[in-house]
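Let's take a walk through a protein model together. Keep the picture open as you read, and find each spot before moving on.

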Amino acid sequence: MVLVSSLLALPGAAALAETKQALNALTEAARKHRSRLNDDGTVFAGPALAKLEAAARESQFFLIGEEHGIAENPKLAAQLFATLVADGYEKLVIEVSPPMAAILDAATRADGVDGLRHLFASPGGEPAFFGMQEEAELLATARAALPEAAEVFWGVDYEVASDRPLLRQLQAFDRPADSDAPLSVLAAASDAAWTRYDDTGDPGYIFGFSGDPALVRAVENTWPGPDARAAWILDTLRSTLEINQLWVQGRAWQSNMHRAGLLRSNFLRHWRSATRDGGPPKVMVKLGGNHVVRGKNMTGTFDLGTLLPEIAASEGSRSVSVLVLPGPESMVAVLNPATWSYEPKPAKDRYALGLEGLVDAAFTDAFTLIDLAPLRPMVGAGNEKYGTPVARVVHGFDMLLVMSQSTPASELAHD
């Protein structure tokens with residue numbers, strides 16, 4: 001019996017040894033295609049920076065897919081955007097809704113980071129992510145780089161926490177009298193939900209998760225032909241509630257599918273408007289890694305990472321993407337939805353999980369940029385030898401940036 005058990009164990013042991021050998025070979029190959037990104041706390045420099053800038057200059061879209069909450073990543077994005085404006089970059093895509101991006105744009109255009117502090121002091125004024133100091137500074141830097149532009153930020157997402165400023169804008173629009181009552185009901189439901197959240201600290205009461213999309217549909221049904229801005233606000237509110245209603249119901253894939261479709265349609269609306277009004281702009285995109293990977297993403301859907309390279313190809317251009325990860329043992333800032341504040345914690349999205357064969361190639365004393373394109377013939381389909389995460393990243397991104405010894409983003413101080 002012992003002999004039989006040993007024999008049965010041999011194929012598994014052989015497979016494990018083969019996998020380990022393949023991952024070691026991948027690590028060695030990645031080391032041959034790595035470059036240093038130096039950070040002295042003020043500016044980034046080194047061969048990796050030159051490589052990122054060169055790739056962006058040759059592209060229509062420069063996509064940064066990130067693990068949220070790394071302090072150094074928005075600093076790098078800010079430096080890159082300010083530099084690349086000279087090469088035609090005009091827009092920064094961020095992970096908020098289109099109408100909230102317009103509000104952030106106006107605030108930073110008026111008064112930089114202080115404009116955001118003033119905005120965030122109002123109830124619901126602080127959207128997710130941009131209550132982090134470094135993220136707020138990114139917005140201020142990008143806006144200051146194009147002071148005469150009508151708009152710099154393109155929001156493409158839903159809006160989890162900022163329904164109140166959007167509702168205040170809706171109430172200020174000229175509209176049919178028939179819409180007054182359902183709009184009042186919608187605003188009252190939002191206020192009641194946020195009051196319960198404030199009283200309990202229970203994120204389940206956040207209106208973006210607890211609200212009923214039928215309340216928004218009732219407003220839409222009594223407001224035919226709204227102003228384009230009002231229509232986008234209504235669509236944002238309804239879509240947010242639909243997406244999160246699916247999530248609360250335990251229908252995660254359907255929720256992610258709806259959200260990915262919203263991101264694509266919002267981007268296309270921006271893109272069509274911009275290309276109708278002039279030549280196609282160069283665009284930097286900074287979103288969670290799941291949204292910018294080419295092909296089927298980590299939630300089994302197709303997002304901007306698939307759409308944008310196809311748009312670029314149709315324009316006779318290209319798109320380049322980089323996945324940014326914290327180094328091993330690094331901490332990131334994670335939103336505590338009970339207090340709406342950021343706390344240092346291990347990476348929440350865990351994009352590095354299963355990528356040890358790549359991450360092990362990183363320098364320990366500097367940030368590391370790994371060119372993934374030369375690794376693609378080696379990985380091939382790769383699922384058996386290297387695992388699905390490695391195959392997805394090698395084929396889904398053009399570069400991997402590992403920020404060893406990175407630090408968590410800090411809280412933006414505001415009233």
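A word about the ground rules. This is a predicted model, so local features need pLDDT of at least 70 and side-chain atom pairs count only at pLDDT 80 or more, while totals for chains, interfaces and linings use all residues. Residues are numbered from 1 along each chain as its sequence is written, and side-chain values use heavy atoms, leaving out hydrogens and water.

Start with the helices. Two packed helices are described by the angle between their axes and the distance between the axes. Helices (H or I, at least four residues) and strands (E, at least two) are DSSP runs, numbered from the N terminus. Axes are lines fitted to C-alpha atoms, for helices over the stretch in contact, and angles run from 0 to 180 degrees between N-to-C directions.

Find helix H9 (residues 213-221) and helix H10 (residues 228-248): they pack at an angle of about 155 degrees, and their axes are 8 Å apart. That makes H9 roughly antiparallel to H10. (Angles under 35 degrees count as roughly parallel, over 145 as roughly antiparallel, 65 to 115 as roughly perpendicular and the rest as oblique.) Where do H9 and H10 meet? On the H9 side you'll see Pro213, Val216, Arg217, Val219 and Glu220, and across from them in H10 are residues including Leu234, Asp235 and Arg238; contact here means heavy atoms within 4.5 Å. The residues of this contact divide into six nonpolar, one polar and five charged. (Ala, Val, Leu, Ile, Met, Phe, Trp, Tyr, Cys and Pro count as nonpolar, Asp, Glu, Lys and Arg as charged, and the others, Gly among them, as polar.)

Now slide over to helix H6 (residues 163-172) and helix H7 (residues 180-200), which pack at about 160 degrees with axes 11 Å apart. H6 and H7 are therefore roughly antiparallel to each other too. Leu167 and Leu170 are among the H6 residues that meet H7, whose side includes Leu183 and Trp194.

Next, the charged pairs. The structure holds 22 salt bridges, each one a side-chain nitrogen of Lys or Arg within 4 Å of a carboxyl oxygen of Asp or Glu. In one of them, arginine 31 meets glutamate 28 at 2.4 Å, N to O. Being three residues apart in helix H1 (residues 2-32), these two are separated by about one helical turn. Arginine 31 is partly exposed, with a relative accessible area of 34%. (Buried means under 20% relative accessible area, exposed over 50%, partly exposed in between, with a 1.4 Å probe and protein chains only.)

Is arginine 143 buried or exposed? Arginine 143 forms a salt bridge with aspartate 105, the closest N and O atoms being 2.4 Å apart. This pair links distant parts of the chain, 38 residues apart, with arginine 143 in helix H5 (residues 133-145) and aspartate 105 in helix H4 (residues 98-120). Arginine 143 is buried at 1%, and aspartate 105 is buried at 4%.

Last, the backbone. Most residues other than glycine have a negative phi. Glutamate 329, though, has a positive phi of about 70 degrees. Glutamate 329 sits in the loop between strand E7 (319-326) and strand E8 (332-336). Glutamine 405 also has a positive phi, of about 60 degrees, and lies in the segment after strand E11 (399-403).
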